[in-house]
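Hi everyone, thanks for making time this morning.

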Amino acid sequence: MDARSLWSIRYHGIRYYLTLFFFLICPLQLQAADKGLLLTELYENARLERQLGWILNSMTLDQRNYQLPDKVIDTVNLVVKVRYSPKLFKTSMEATLDEALSIGELLKLIDWFNSNLGQKVLRLEMEANDPRNALRMQAYIEEKLTRELPRTSRIRLIEELMETLNAVELGTELAASASVGARRILHEVMPVNDGRPLRPPQIQKAREKSAIRKGMNDHMRSAFLYTYRGLSDKEIRAYLDFARSTAMQNFQRGQIQAIARIL
């Protein structure tokens, strides 16, 4: 075999492997880019930034509730605002959901949140979770739910929805993480030198969750009865059908994990 033939074989061999490499790697790169776009679309369509609002609202100190110097309270609130910025929250949430969801599941979730029922559910949840609506919700619970509970079949539907969405665990995780995060930031701003080391956050949160979970079930039941009072039984059953899907189950688990990581 002469040198020209040997060179030709090597050239075409290298070209073959480069072509194979291109066709194997480029679809993965395109897939990653497509998934990134879908994650951003889901983040926006599902209004996940509202969770950041809950976190900031629960971690921000109100001067009326704490006997602390104004400077300390202002510093804590500034640290909370900087540490839990919208950009950091979005990046962290999308990174965790990237691990939790496949492209197919992302497409199903986006379709759901763009559907008429998905939009209605989202609107009701946004209204109920608006901090400005807290007094209205409390009044509804005290005046209506205390005097006369809905029919048993309705309560069972709501409890089934709570269980399917893992609402008690999500609410407990959010409340405990925010509480521990706020106290640790306060400790950073105004450390207590009593000689005792600060417990690791995992231990602090475990203690918080144990206490919070005791009352979370009743709280969530009342909150769900208020939030979804505008849905018919048929609409709740349709919501339940989707909530049981792998896409929504992984979405809920991903949100819980993301909040735990962020806080």
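Let's start with the aromatic side chains: which residues do ring pairs link into a cluster? This is a predicted model, by the way, so please keep that in mind throughout. The cluster consists of Trp112, Phe224, Tyr228, Tyr239 and Phe242, joined through ring pairs.

How many aromatic pairs are there by the rule used here? The count is seven. Take phenylalanine 224 and tyrosine 228: their ring centres are 5.2 Å apart and their planes stand at 70°, so this pair is edge-to-face. For the label edge-to-face, the planes have to be over 60 degrees apart. Are these two residues buried or exposed? Phenylalanine 224 is buried, with a relative accessible area of 9%, and tyrosine 228 is buried too, at 3%.

Now to helix α11, residues 233–243. Two members of our cluster, Tyr239 and Phe242, are among the buried residues of this helix. Asp233, Ile236, Leu240 and Ala243 are buried there as well. What covers them? The cover includes α5, α6 (116–129), α8 (152–164) and α12.

Let me stay with α5, residues 103–114, and look at how it meets α12, residues 246–262. The two axes come within 9 Å and cross at roughly 95°, and the helices are therefore roughly perpendicular to each other. On the α5 side, the contact uses Glu105, Lys108, Leu109, Trp112 and Phe113. Facing them from α12 are Thr246, Ala247, Met248, Asn250 and Phe251. In this contact, six residues are nonpolar, two polar and two charged.

Then there is α6. Its axis is 4 Å from that of α5, and the packing angle is about 75°, which makes α5 roughly perpendicular to α6. Here α5 contributes Trp112, Phe113 and Asn114, while α6 brings Asn116, Leu117, Gly118, Gln119, Val121 and Leu122. This contact has five nonpolar residues, four polar and no charged.

Before I stop, two charges over rings. Where does the charged end of arginine 229 sit? You'll find it over the ring of tyrosine 226, 4.0 Å from the centre. Likewise, lysine 90 lies over the face of tyrosine 43, at 5.6 Å from the ring centre.

Conventions:
Residues numbered from 1 in each chain as written. Predicted model: local features only at pLDDT ≥ 70, side-chain atom pairs only at ≥ 80, totals over all residues. Heavy atoms only, no water. Phe/Tyr/Trp six-rings, centres within 6.5 Å; stacked < 30°, edge-to-face > 60°. Buried < 20%, exposed > 50% of the residue type's maximum accessible area, 1.4 Å probe, protein only. Lys NZ or Arg CZ within 6 Å of the ring centre and 35° of its normal. Axes fitted to C-alpha atoms, helices over the stretch in contact; angles between N-to-C directions. Helix = DSSP H or I, 4+ residues; strand = E, 2+ residues; numbered from the N terminus. Parallel < 35°, antiparallel > 145°, perpendicular 65-115°, else oblique. Contact = heavy atoms within 4.5 Å. Nonpolar A, V, L, I, M, F, W, Y, C, P; charged D, E, K, R; others polar.
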